[in-house]
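Hello,

Here is the structure I said I would pass on. My notes on it follow below.

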Amino acid sequence: MINSLRYNLVEEYMGKYFKDGMDAKCIGRVCNREGCEVAWDNQVTIRYLTARLADRVGCNERINTDALVFIAAAISGFYQGAKEAIQSVSFV
């Protein structure tokens, strides 16, 4: 369902904005963000990002639960801050 929604948005936005000179990559990024709230609400994204970060720093198998919770909280804080900042912007 989300993928078909994104596909329909790409077709619609490409028709509207690509002709006006907007970069196709920018249009794709906007469309890919549609529906991402579902993954955040279900904790899918936060778990993936936390595991990925722990793996990148080389401590995925040795890290304790408290550290994982702290990492997840930091990532969630970054996300919430960005979300609030974007919502405060007025697009004309």
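The second largest pocket has a volume of about 190 Å³. A pocket here is an open set of points on a 1 Å grid over the protein atoms alone, where a 1.4 Å probe fits, with protein on both sides within 12 Å along at least five of seven lines. Volume is the space filled by probe spheres set on the points, with grid points joined across faces, edges and corners.

This is a predicted model: local features need pLDDT of at least 70, side-chain atom pairs count only at pLDDT 80 or more, and totals for chains, interfaces and linings use all residues. Residues are numbered from 1 along each chain as its sequence is written, and side-chain values use heavy atoms, with hydrogens and water left out.

**Second largest pocket**

Its lining (residues with an atom within 4 Å of a point) is Cys 36, Glu 37, Tyr 79, Ala 82, Lys 83, Ile 86 and Gln 87. H5 gives the largest share, five residues. Helix H3 (36-41) also supplies at least two. Helices are DSSP runs (H or I, at least four residues), numbered from the N terminus. By class, the lining has four nonpolar, one polar and two charged residues. Nonpolar covers Ala, Val, Leu, Ile, Met, Phe, Trp, Tyr, Cys and Pro; charged covers Asp, Glu, Lys and Arg; the others, Gly among them, are polar.

**Largest pocket**

The volume is about 240 Å³. Among the lining residues are Tyr 13, Tyr 17, Met 22, Arg 33 and Glu 34. Helix H1 (2-18) and helix H2 (24-33) each give two or more. H2 has the largest share, with four.

**H4 against H5**

The axes of H4 (residues 44-56) and H5 (residues 65-87) come within 9 Å and cross at roughly 120°. Ile 46, Leu 49, Thr 50, Leu 53 and Ala 54 in H4 meet Leu 68, Ile 71, Ala 72, Ile 75 and Ser 76 in H5, where meeting means heavy atoms within 4.5 Å. This contact has eight nonpolar, two polar and no charged residues.

Best wishes

Definitions and conventions: Axes are lines fitted to C-alpha atoms, for helices over the stretch in contact, and angles run from 0 to 180 degrees between N-to-C directions.
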